[in-house]
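Trainee: I am new to this structure and would like to learn how to read it. Could you walk me through it?

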Amino acid sequence: MGIVVLLGPQRFTPTLGEAVARAGVEGRLASVTAGWQEREAEDLELHEHLGERTVNLMLYARAEDVFEKDAELFRAHRERQEKLRTLQALYRRRLAATRDAARRLVEAQGDEALLAPEREDAIRALSRLDAHHLRRVAAIDAEFEKRWRPEGRPVLRRHVRAIERQLEKVAGLAIAGGHVAILLNRLRLFGIASRVGGRPVFAWSAGAMAVCERVVLFHDNPPQGEGAPEVLQAGLGLVGGVVALPHAKRRLALDDRGRVTLLARRFEPDAALAFDDGSWLLFRDGRREAVSGVQQLLGAGEVAALEVA
Amino acid sequence: MTLAIRELVEAPELSPRRIDEFLAGRKCPIVEGSTVTFVYRGPADAVFLQHWIYGLPSAQPFSRIDGSDLWYLIQEIPVRSRVEYKLEVEQQDVVRLIRDPLNQELAHDPFGANSVCQGAEYADPEWADPDPEARRGTVEPLAFRSRALGRDEEVTVYLPARFRPTRTYPLLVAHDGIDYLRFSRLQTVLDNLIHRGEVAPLVVALTQSPARLREYAADDRHARMVVEEMVPRLEEKYPLAKDAAGRGLMGASFGAVAALHVAARHPELFGRLLLQSGSFAFTDIGPSPRGPAFEPVVEFVNGFREKPMRVAERVFVSCGVYESLIYENRSLAPLLQKSGMEVRYVEAWDGHNWENWRDRLREGLSFLFPGPLWMFYE
């Protein structure tokens with residue numbers, strides 16, 4: 001993988017154009033706004049921000065077309081989604097107890113000699129549960145792929161060819177935020193990760209989450225429930241070693257040391273990174289090369305500006 | 001803890017200037033933890049606190065600080081409370097019931113407004129304030145002739161930001177909808193919660209009856225208007241969900257009675273109910289002491305209590321613990337649960353007013369119409 005840039009939300013502080021220029025990308029860019037669902041085509045602002053150089057791959061509309069014309073695939077897709085929803089609910093049930101135990105131990109005070117190994121194991125139990133969930137999701141996905149071989153189906157193949165033709169003419173790919181599960185599903189359906197080649201990728205908000213190795217859903221103050229972060233599924237893995245947390249200032253209680261500690265420690269050795277307005281992190285060939293405004297959640301419960309060597 | 005008022009009470013001499021200085025810039029009533037000092041300044045023979053806390057004797061007398069025109073009363077008020085009150089000021093055999101001149105905070109109810117004391121740790125919810133990041137929805141009128149009610153009906157329709165005719169939206173019918181807009185900031189609340197993904201984008205039909213004490217009192221004509229006239233017109237004009245999970249009714253006080261009554265007359269048509277401080281008066285024996293306006297309500301609620309039935313899938317019920325209606329609402333919640341509905345029952349340290357109902361909207365709406373909060377990162 002060449003250049004991948006993860007960015008914070010773009011709506012109020014657009015920094016995408018600057019990132020594209022910094023990466024030295026000239027020429028046209030393919031855009032993915034499938035996370036916006038039925039508003040996918042309303043990308044004028046993005047188009048203008050990038051100097052009218054974008055070509056929208058229209059993955060959401062293409063998927064709708066595939067599902068409309070290939071009823072068998074659509075049914076299979078729905079069944080898989082239902083299975084995944086059920087699995088997520090089961091995982092969530094186990095997660096509640098495991099996370100509660102870990103949280104209590106993270107905040108517990110006492111004889112460190114006794115406490116520390118218990119705390120470590122409680123956090124590892126949480127990580128093991130996350131890993132278990134990722135394996136189960138991957139197994140369901142693999143079964144789906146093996147049984148239905150979506151890429152071999154005529155309607156999907158036609159769209160894939162059209163996408164390949166679009167990609168041949170662009171110098172990079174911009175992936176917007178929105179609904180992360182739908183975005184990731186459409187990116188996978190059309191095999192975007194394998195088709196983008198070595199072109200630079202710029203991804204923000206849900207887009208940034210989707211290109212990492214795993215997608216973590218989070219909100220510390222939801223109106224329902226206590227707000228336990230949960231792993232959704234594996235991401236595209238275009239970059240490794242980080243968990244992207246966009247809109248962190250709004251969605252996370254960054255002054256709650258217990259929560260910060262748990263979120264940071266749970267996903268180790270990956271770094272839990274907060275992406276707010278104006279922030280970005282540039283990877284070149286898998287290595288972090290440059291950064292601005294990204295905050296890292298630390299195991300000690302603090303948040304600090306991320307630096308790259 | 002030494003209370004602030006002690007400075008004055010224990011001062012050897014108390015000049016008007018000293019009182020001016022004491023009150024200048026000070027928020028009244030003076031809240032110090034769970035202790036609240038109510039203050040009144042002016043000529044009077046006696047001053048009393050009239051509060052709206054059901055179950056506690058009202059008309060507590062203030063004390064005057066010797067040699068001054070400053071009156072005070074110290075009360076224990078639980079944290080996070082909002083207590084409605086007025087001051088009863090007696091002077092030369094004239095009794096005036098007034099709002100607290102030193103307190104600008106008001107609680108609005110369907111009949112007017114009272115002063116309100118905000119206990120320690122209470123804060124207006126930030127999600128009810130305009131959020132510059134939130135895209136704004138729009139409202140537009142919808143008028144039709146109601147044969148059921150024999151009059152023209154005007155409904156205000158809230159459409160969420162970025163409304164699209166090609167998408168399907170849940171419908172929520174709000175009784176006293178214009179009051180919800182005015183006093184509970186419903187439009188701002190919807191804009192914010194939808195923008196944040198906490199509530200699904202939904203269409204809200206805001207109805208406002210000119211005769212709510214009659215039409216909202218378990219009146220079949222109102223139910224017919226909603227189900228046979230209003231909803232079909234809305235479905236004709238807007239892309240609305242056609243299943244029960246996509247239809248809801250809400251209301252406060254008599255509006256909550258109307259919401260439950262409409263749902264009970266048409267079971268399973270509306271899958272979501274938001275009932276706030278419902279006037280669900282009932283009797284176990286004898287007539288209701290609440291007066292003639294409640295008679296049809298009592299008949300309806302008594303009937304419902306006798307034969308509870310599943311009228312919706314999910315119900316959110318809230319009530320203030322300082323309201324006289326807390327007894328009725330506490331009684332209703334288990335009945336609803338027993339009939340197989342998923343019920344969320346919430347109590348607040350508050351009274352029968354629009355701010356209480358506003359403060360519960362986030363929890364209620366997100367329970368009934370959850371948005372894509374966990375999945376959406378724009």
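Mentor: Gladly! Let us start with a term: two residues are in contact if their C-beta atoms, placed from the backbone, lie within 7 Å. This is a predicted model, where local features need pLDDT of at least 70, side-chain atom pairs count only at pLDDT 80 or more, and totals for chains, interfaces and linings use all residues. Residues are numbered from 1 along each chain as its sequence is written, while chains are lettered from A and ligands numbered from 1 in the order in which they are written.

Trainee: What percentage of the contacts in chain B with a separation of 6 or more is between residues 24 or more positions apart?

Mentor: Take the contacts in chain B with a separation of 6 or more. The share from residues 24 or more positions apart is 73%.

Trainee: Which element supplies the largest share of the side of chain B that touches chain A?

Mentor: The contact takes 17 residues from chain B and 19 residues from chain A. Helices (H or I, at least four residues) and strands (E, at least two) are DSSP runs, numbered from the N terminus. On the side of chain B, helix H11 (361-368) and strand S19 (376-377) each supply at least two residues. The largest share, four residues, comes from H11(B).

Trainee: Which residue in S19(B) stands opposite A:Gly178?

Mentor: Strands pair if DSSP finds at least two bridges between them. Strand S5 (residues 178-179) of chain A and S19(B) pair in the antiparallel sense over two bridges. Opposite A:Gly178 stands B:Tyr377.
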